[in-house]
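Visitor: I'm new to reading protein models. Could you walk me through this one?
Guide: Happy to. Ask away once it's on the screen.

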Amino acid sequence: MEAPSRIGDRSTSDVVVRLRTLEGRDEWIYCHSNILVEKSKYFADRLSESWPTCQILDSRNCVEVYCQESDFDHHVNVLRLLYVVIDGSVDDLWNGVKNALGILQVSIELGCPQIVTACVNYLEAVPWEESEEEEILRIIPGKGSEVEPILARLRPVNPSAIRGIFISTLQFATSSPPSLMNDLKTSAQEQLEYMVTEDDDSPLLIACDDIKSEVKDCVRRLFSRFNNLLEAFLCEPIESVDEAGKMKSFHSYLADLSWACQLLTKLEIMREFVNSWVDASGKIVKVMQSSATVETIETKLKVVEVAAKILESIGYGTVILPTAKRLHMVKIWLPFVRVAKPLIDSVMTNDEESLAFKIDGELWQSLESTFVSIILALPSTDQAEILTEWLGNEHVNYPDLTEAFEVWCYRSKVAKRRLALLGGGHCMTSTQ
């Protein structure tokens with residue numbers, strides 16, 4: 001039985017592949033024409049009678065192959081692989097994704113279908129790092145149908161599959177799983193936002209009416225569970241509210257509602273949620289006023305964060321509410337916020353290192369601007385009442401309603417002149 005041919009065996013070689021680069025690198029590799037012709041279309045053409053070849057020492061044919069310096073080793077590897085039986089029984093031929101990509105490119109150029117198939121099978125199956133994924137996207141497109149399986153994991157998903165995973169994720173993100181699953185739930189919430197966000201790319205999911213309805217249903221159920229917890233707190237002794245487990249559960253609901261605000265805002269369906277929060281505001285404030293432990297203060301900050309988002313949607317016209325509800329929100333949340341801020345600030349100052357939560361530096365400023373906006377949209381008599389109470393309050397520094405006060409003074413002073421053309425003194429009763 002004849003011994004198998006080995007690359008580099010000069011005693012049996014009948015052809016030399018001369019690898020050369022523009023940088024002057026020149027390497028002679030002793031090969032066998034029967035293997036090259038059988039496994040490479042390029043070498044089959046070069047060694048055919050129709051292609052001129054040059055003779056070198058010992059009557060061997062020479063095939064010159066020019067390549068880039070960066071591809072030199074890949075050419076050598078491809079020549080070696082021509083001598084390997086590639087039947088799927090050996091998986092460690094490639095030495096990583098980057099090397100396999102280089103081999104794949106050369107094997108396509110040299111027309112080596114067995115090596116191409118083996119490379120594709122390897123690259124399609126193994127995990128990629130981010131940089132490798134970018135390299136694959138740079139190299140593979142346009143290389144032909146035989147390499148398309150490599151891109152299967154990167155291809156766009158059909159809309160029904162996207163819709164299915166969105167709804168499943170939404171249902172989990174608005175559920176109340178055990179606390180051990182909080183990180184998973186947070187990740188689900190982040191990905192839901194990412195799916196509907198337009199950035200450099202269009203949103204993964206365009207929210208149709210059915211999707212919006214599903215989101216509203218899930219958030220409605222979430223808020224209902226939150227409301228049930230509020231009711232339970234109000235039926236219990238004040239001191240029981242401070243129990244760690246109960247306050248932790250309350251805080252978790254608030255974190256979910258804060259996220260829900262962001263999702264609903266992106267989908268432009270905040271109205272129902274805002275109305276639910278308006279109706280529950282009195283109960284929320286009552287529960288939060290019952291304690292001043294560090295855990296409760298942390299939860300108060302979360303309450304302020306959610307309330308700020310709700311008030312912002314009201315103050316800047318995202319959700320249109322009647323005057324009575326807007327006035328109610330100011331009367332509920334203005335006193336709460338003015339007392340909560342110094343309490344939260346004091347804890348941050350005294351225990352900055354150990355405090356588990358951090359404050360968004362723009363939160364208080366944004367909330368102050370929102371209050372000013374809401375107040376200035378109220379009837380002038382209601383403005384006067386709010387400003388009178390503010391000027392006599394010990395917490396006059398925050399929220400600072402100076403802008404609202406100045407605008408009210410100006411409007412009130414010039415009201416008669418500005419509205420004179422309308423006629424009728426009854427127009428001015430609210431400002432006199």
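Visitor: Which residues do ring pairs link into a cluster?
Guide: Keep in mind that this is a predicted model. By the pairing rule there are 12 aromatic pairs. Ring pairs join up into a cluster made of Phe223, Phe226, Phe233, Phe250, Tyr253, Phe273, Trp277, Trp333 and Phe336.

Visitor: Is the pair of phenylalanine 226 and phenylalanine 250 stacked or edge-to-face?
Guide: Look at the angle between the ring planes, since under 30 degrees counts as stacked and over 60 as edge-to-face. For phenylalanine 226 and phenylalanine 250 the planes are 25° apart, with 5.4 Å centre to centre. That makes the pair stacked.

Visitor: Which helices does that pair link?
Guide: Phenylalanine 226 and phenylalanine 250 are both buried. They sit 24 residues apart in the chain, so to speak in distant parts of it. The helices are helix 9 (residues 209–234) for phenylalanine 226 and helix 10 (residues 244–267) for phenylalanine 250.

Visitor: Which residues touch the most other members of the largest nonpolar core?
Guide: That core has 79 residues, and helix 10 gives the most to it, with 11 residues.

Visitor: How many residues are in the second, separate core?
Guide: Its members include Leu104, Cys112, Ile139 and Val147. Leu104 is also among the buried residues of helix 4. The second core holds 43 residues.

Visitor: Which helices do the buried residues of helix 4 pack against?
Guide: Helix 4 (residues 97–109) has 13 residues and reaches 19 Å from its first C-alpha to its last, close to the 18 Å expected. Its buried residues include Val97, Leu101, Ile103 and Val106. They pack against helix 3 (72–81), helix 5 (113–125) and helix 6 (130–139).

Visitor: Are aspartate 256 and lysine 185 buried or exposed?
Guide: They form a salt bridge, with the closest N and O atoms 2.7 Å apart. The pair links helix 10 with helix 8 (residues 182–196), 71 residues apart. Buried means under 20% relative accessible area, and because aspartate 256 has 3% and lysine 185 has 4%, both count as buried.

Visitor: How many residues apart in sequence are lysine 331 and glutamate 385?
Guide: These two form a salt bridge, the closest N and O atoms being 3.2 Å apart. Lysine 331 is in helix 13 (residues 323–350) and glutamate 385 in helix 15 (residues 380–391), so the bridge ties those parts together. The separation in sequence is 54 residues.

Visitor: Last one: which residue lies over the face of tryptophan 128?
Guide: Look for a charged side chain above the ring, as with lysine 341 over the face of tyrosine 398, at 5.3 Å from the ring centre. For tryptophan 128 the distance is 3.6 Å, and the residue is arginine 153.

Note on methods:
Residues numbered from 1 in each chain as written. Predicted model: local features only at pLDDT ≥ 70, side-chain atom pairs only at ≥ 80, totals over all residues. Heavy atoms only, no water. Phe/Tyr/Trp six-rings, centres within 6.5 Å; stacked < 30°, edge-to-face > 60°. Helix = DSSP H or I, 4+ residues; strand = E, 2+ residues; numbered from the N terminus. Buried < 20%, exposed > 50% of the residue type's maximum accessible area, 1.4 Å probe, protein only. Lys NZ or Arg CZ within 6 Å of the ring centre and 35° of its normal. Expected span 1.5 Å × (residues − 1). Contact = heavy atoms within 4.5 Å. Core = buried A, V, L, I, M, F, W, Y, C linked by side-chain atoms within 4.5 Å. Salt bridge = Lys/Arg side-chain N within 4 Å of Asp/Glu carboxyl O.
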